[in-house]
Amino acid sequence: MNEYCMRLVGGEWVKNRLEIKCTQGCGRKFIFKKVKFEMVNDEIEKTFIRCPYCGHQYVSFYTDVNIRKMQEKMRKLLEESKSRGLTQSQKKLVIQDINYLQTEIKKEMDKLRKNIENKSQ
C-alpha cells in the first residue's frame, strides 16, 4: 500500500498486520487483506482498498496504458540493477534511469488522479 493511501486511511501495523481505520466512512477498524483493481474505462485501472463494513473505497492510484508501460520498464530496470555482471558505472546509469522513471511515473499518476477526480466532482 502506498504512502498516500496509508495517510488517507490512518493505517498502523498491529501484530504484523496492517490495521486500518475507515476515516471517511463508518469509522470502524479493519485488517488490510488485499488491494483491489477495477477498470474505470477501457484504458484506466484503479487500485484501491475497500472498507469491508461500509464499502467506502480508498483509491491508492490510477494507471493508464502509458503508466503501465513505464512500470514494466521499471521492473526490468530493477531486475537489471541486480545483475552481478554490471560494472559500477553501468549500475549508476541504471539507477539514474530508475530514479528518472520513478519521477515520471509519479507525475503521470498525479496528473491522471487529478483528471479523474476532477471529472467526478
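Is Val 35 buried, exposed or partly exposed? I will come back to that in a moment, after a word on what we are looking at. This is a predicted model, in which local features need pLDDT of at least 70 and side-chain atom pairs count only at pLDDT 80 or more, while totals for chains, interfaces and linings use all residues. Residues are numbered from 1 along each chain as its sequence is written, and side-chain values use heavy atoms, with hydrogens and water left out.

Let me begin with the overall layout. The protein chain has three helices and six strands, where helices (H or I, at least four residues) and strands (E, at least two) are DSSP runs numbered from the N terminus. Read from the N terminus on, the order of elements is α-β-β-β-β-β-β-α-α. Of the 121 residues in the protein chain, 28% are buried; here buried means under 20% relative accessible area, exposed means over 50%, and partly exposed is in between, with a 1.4 Å probe and protein chains only. If we take the contacts between residues at least 6 apart in sequence, 39% of them join residues at least 24 apart, a contact being heavy atoms within 4.5 Å.

Now back to the opening question. Val 35 is partly exposed, because its relative accessible area is 28%, and it is found in the loop between β3 (29–31) and β4 (36–39). Leaving aside neighbours within four places in sequence, Val 35 is in contact with Thr 47, Phe 48 and Ile 49, and the C-alpha atoms of Val 35 and Phe 48 are 5.7 Å apart although 13 residues separate them in sequence. In that loop between β3 and β4 we also find Lys 33, which is exposed, with a relative accessible area of 74%. The C-alpha atoms of Lys 33 and Arg 50, 17 residues apart along the chain, are separated by 9.8 Å.

From there I would like to move to Lys 46, which lies in strand β5 (residues 45–50). Is this lysine buried or exposed? Lys 46 counts as buried, because its relative accessibility is 11%. Not counting residues up to four places away in sequence, Lys 46 touches Lys 36, Phe 37, Glu 38, Val 40, Gln 57, Val 59, Phe 61 and Tyr 62. With one of these, Gln 57, there is a side-chain to side-chain polar contact at 2.7 Å; a polar contact is a pair of N or O atoms within 3.5 Å, where within protein one must be able to donate a hydrogen and the other to accept it, and residues adjacent in sequence count only if both atoms are side-chain atoms.

The charged end of Lys 46 also sits over the ring of Phe 48, 5.1 Å from its centre, by the criterion that NZ of Lys or CZ of Arg is within 6 Å of the ring centre and within 35 degrees of the ring normal.

Let us turn to the helices. At the N-terminal end, Asp 64 caps α2, with a side-chain oxygen 3.2 Å from the backbone nitrogen of Asn 66.

Which residues of α2 are buried? They are Ile 67, Met 70, Gln 71, Met 74 and Leu 77. Seen down the axis of α2, these buried residues fall within an arc of 120°, so they line one face of the helix, the arc being that of the directions from the helix axis to the C-beta atoms. On the other side of α2, Lys 69, Lys 73, Lys 76 and Glu 79 are exposed.

What covers the buried residues of α2 includes β6 (57–63) and α3 (88–119). Met 74, for instance, touches Ile 98, Leu 101, Gln 102 and Ile 105, not counting residues up to four places away in sequence.

Finally, α3 itself has 32 residues and reaches 47 Å from first C-alpha to last, close to the 46 Å expected. Among its buried residues is Glu 104, at a relative accessible area of 17%, and the side chain of Glu 104 makes a polar contact with that of Lys 107 at 3.0 Å.

How values were computed: Expected span 1.5 Å × (residues − 1).
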